[in-house]
Amino acid sequence: MSESGLPKRISSLGEETARRQEDTSLLPMRAARAVDSDRLRARLQGLASFGAARPGDIHGGVARQALTPQELLARRWLATEFAGRPGYSVGIDAAANVYIRRHGANANAAPVLTGSHVDTQPLGGWLDGAFGVVAGLEVFAALDAAGLRTERPIETVMWTNEEGSRFAPGLMGSVSYTDPARLAAFRDTTDAQGVSFLQACNDAREDFAMAAREAGWRWFDAPLARPLHAYIEAHIEQGPILEARGLQVGCVTAIQGVRWYRVTVPGRSAHAGTTPDAARDDAQAKAIALAHALLEYGRGQDDDALRLTIGRWQCRPDSINTIADQVVFTVDARHPETRVLDGLEARLHALLPPGAAVDVLQHKPTVGFDPGLVELGRQACKALELRHADMLSGAFHDAMPLAGFCPTAMLFAPSIGGVSHHPGEHTHIDDLAACARALAWCLAGLAQDGDATPADSRNTDSSTPTR
């Protein structure tokens, strides 16, 4: 057996052929072992400096919203290290998603894609999607350091507007990639200053193309929906499960289903001091009773996978001495099984007081990941002797729209205290490096399958960036 856990394929084709076959079987392990935690940390800290609330302090929070000057600078900085190297090229598509390509021996083979996003919440943490992008670039650095070449190209992507904090909704870049017709619906969306998503994308494309021209980077055309061999996204968990179980890597099997509701409860406004209890129609009292009953129903299911959250709560007229005539609140319900969410929705309707109404704001079914890629992640963790387990993602990620487009999976690193979308977001570098090694093992193995198929994209490399 080889050190990768796979049998060495020694044949009678001659010593050179045998050596090449052995190298192929060892390549995932060699790539994983070449991942360098110091290099990974330095690149993550460098990225965190773009938009840092407190310069030099990664724990002070990062403000780097989609397609702002800070994010554009961060994208160029990340690309610079690799785009100037032989064997690399860059591209940007109509949704301003940025790609860094490490070329493979077979230029006509569809690439293996990894990455995530570098935009943040208005004040977020330093890891979130940033880890997935930097982990992809660390795989490039590891392959280069080990002198390894893959058959297929490998690309690291920076998706546009995953967070949705500047332009709503989120996931605009990855959704547009997998379904280009959706881009037209996003283009007229504006931010708080009235800047349209179309204008921001055009500015970002010109900014990146200008950087490529000035630096002489090799360029490739990057149309939306071009074929991909597979997509694996590394991410921090953003929850407490892995840390609590002492695990290093989560092999994500699915992103659980989510439904958002807006509940409107009417009442009649009256004076707080003069209206007897029997004469009141108090929207606040009715809404509180409804919310408590719904939460009690959720707890009564004794189902650890069920997530039920009362989020926004708005009272009208919002006066200390006036009985409310309307309360509007939101419900966020999440579970991997449709029947459970259906049952909760039915219970919500049954609990409504007279005149109350429910609007569905979002209804996303569970998205399952490719079983073969999930198993590949498990194999990587076993080969690398990493403590791991299968798990669900409770949050949305760019891997969600990709799952309907090509074979897709995710790998999670633990989050200390489960904190995310907050300046306190943090993960030990040893855990980040462990997840990056598992990613390298998977990407190197996938990229060794270099046979072009009819779905594979043609080679569109050029030396001239388009606008």
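Contact means heavy atoms within 4.5 Å. By that rule, D207 is in contact with L72 and R76, leaving aside its neighbours within four places in sequence. The structure is a predicted model, in which local features need pLDDT of at least 70, side-chain atom pairs count only at pLDDT 80 or more, and totals for chains, interfaces and linings use all residues. Residues are numbered from 1 along each chain as its sequence is written, and side-chain values use heavy atoms, with hydrogens and water left out.

**Confidence**

- The average pLDDT of the protein (the predictor's confidence in each residue, from 0 to 100) is 92.
- A pLDDT of at least 70 is reached by 91% of the residues.
- Over residues 1–22 pLDDT stays under 50, and the model has 25 contacts beyond four places in sequence for this stretch.
- Where pLDDT is low, the predicted coordinates should not be read in detail.

**Helices α2 and α4**

- Helix α2 covers residues 37–48 and helix α4 covers residues 128–145; helices are DSSP runs of H or I with at least four residues, strands are runs of E with at least two, and both are numbered from the N terminus.
- The two helices, α2 and α4, pack at an angle of about 140 degrees, with their axes 10 Å apart.
- Axes here are lines fitted to C-alpha atoms, for helices over the stretch in contact, and angles run from 0 to 180 degrees between N-to-C directions.
- Angles under 35 degrees count as roughly parallel, over 145 as roughly antiparallel, 65 to 115 as roughly perpendicular and the rest as oblique; α2 and α4 are therefore oblique to each other.
- From α2, the contact is made by R39, L40, R43, L44 and L47.
- From α4, the residues in this contact include F131, V134, L137 and E138.
- By class, the contact of α2 with α4 has eleven nonpolar residues (Ala, Val, Leu, Ile, Met, Phe, Trp, Tyr, Cys and Pro), three charged (Asp, Glu, Lys and Arg) and no polar ones (the others, Gly among them).

- D207 is found in helix α7, residues 197–215.
- At 14% relative accessibility D207 counts as buried (buried means under 20% relative accessible area, exposed over 50%, partly exposed in between, with a 1.4 Å probe and protein chains only).
- N108 is in the loop between β2 (98–102) and β3 (112–117), and is partly exposed, with a relative accessible area of 42%.
- The C-alpha atoms of N108 and P153 are separated by 8.9 Å, while the two residues are 45 residues apart along the chain.
- T338 is in helix α10, residues 338–351, and counts as partly exposed at 48% relative accessibility.
- Between the C-alpha atoms of T338 and N108, 230 residues apart along the chain, the separation is 41 Å.
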